[in-house]
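Trainee: I would like to go through the labels used for this model and ask what each one rests on.

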Amino acid sequence: MKIAVVSVGQTPTEIIERLSRELPKIFPDTTSQVIGEVLSLPEHALDKKRRQYNSTLILNELQRFATHHLNFNRILGVTNVDIFASGLSYVFGEAYLAGKSGLISLWRLRPQFYGEEPDTGALQLRTQKEAIHEIGHTLGLQHCNKNYCVMHFSNSIFDVDKKQKLFCDQCYLNASIAISNMG
Ligand SMILES: [Zn+2]
Ligand SMILES: [Zn+2]
């Protein structure tokens, strides 16, 4: 699988570079690359009252971007802004199930959001977990009931911290099959 990591709006370079280096360690037969071009945040995705961006509308932009970059199997967007999805007060990320693109937000992964000291290591680990989770969805994986598995649903930052950045055996098998079927 060839993954492209792309920034949607400005994000810290060291976070996405590190993320891109870590992804091939998790997924079999996978390479990852950061795309230099920064996608702009679609203005129509901003909900001014909520002061949040609609993640589904950003995801649609990513999907459009993906169709112009056929040399990649998956596009992962990373944004700094707070995002929400229909019916949810916020999300850490969103992806098309068995689609080509996923999106994660760093906004609620930062310790500072919870009134804690900045911690780049913690931010990087959380970013990796959420990115792996969303790419897992693009491989057709659904939520896993094992709370240590990276495909476990994260309701809060506590759930993010509790799970590993690894798949359980069953999810890893499913991810491997999906990747090998990409040909
Ligand atoms: Zn999920
Ligand atoms: Zn699992």
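Trainee: Why is Cys-171 called buried?

Mentor: Buried means under 20% relative accessible area, exposed over 50% and partly exposed in between, with a 1.4 Å probe and protein chains only. Cys-171 has 7% relative accessibility, so it counts as buried. Cys-144, with a relative accessible area of 9%, is therefore buried too. This is a predicted model, where local features need pLDDT of at least 70, side-chain atom pairs count only at pLDDT 80 or more, and totals for chains, interfaces and linings use all residues. Residues are numbered from 1 along each chain as its sequence is written, chains are lettered from A and ligands numbered from 1 in the order in which they are written, and side-chain values use heavy atoms, with hydrogens and water left out.

Trainee: Which atoms coordinate the zinc ion (ligand 2)?

Mentor: The SG atoms of Cys-144, Cys-149, Cys-168 and Cys-171, at 2.3 to 2.4 Å. Donors are N, O and S atoms within 2.8 Å of the metal (3.2 Å for Na, K and Ca); water is not among the atoms, so sites may look incomplete.

Trainee: What makes the site of the zinc ion (ligand 2) tetrahedral?

Mentor: Four donors count as tetrahedral if all angles lie between 85 and 135 degrees. The angles among the four donor atoms here are 103 to 114°, and the site is tetrahedral.

Trainee: How do you know that strand 1 and strand 5 (residues 74-79) pair?

Mentor: Two strands pair if DSSP finds at least two bridges between them; strands are DSSP E runs of at least two residues, numbered from the N terminus. Strand 1 and strand 5 have six bridges, in the parallel sense. One of the bridges joins Ala-4 to Ile-75 in strand 5.

Key. Four donors count as tetrahedral if all angles lie between 85 and 135 degrees; four count as square planar and six as octahedral if opposite donors are over 155 degrees apart and all others between 65 and 115; anything else is irregular. Helices (H or I, at least four residues) and strands (E, at least two) are DSSP runs, numbered from the N terminus.
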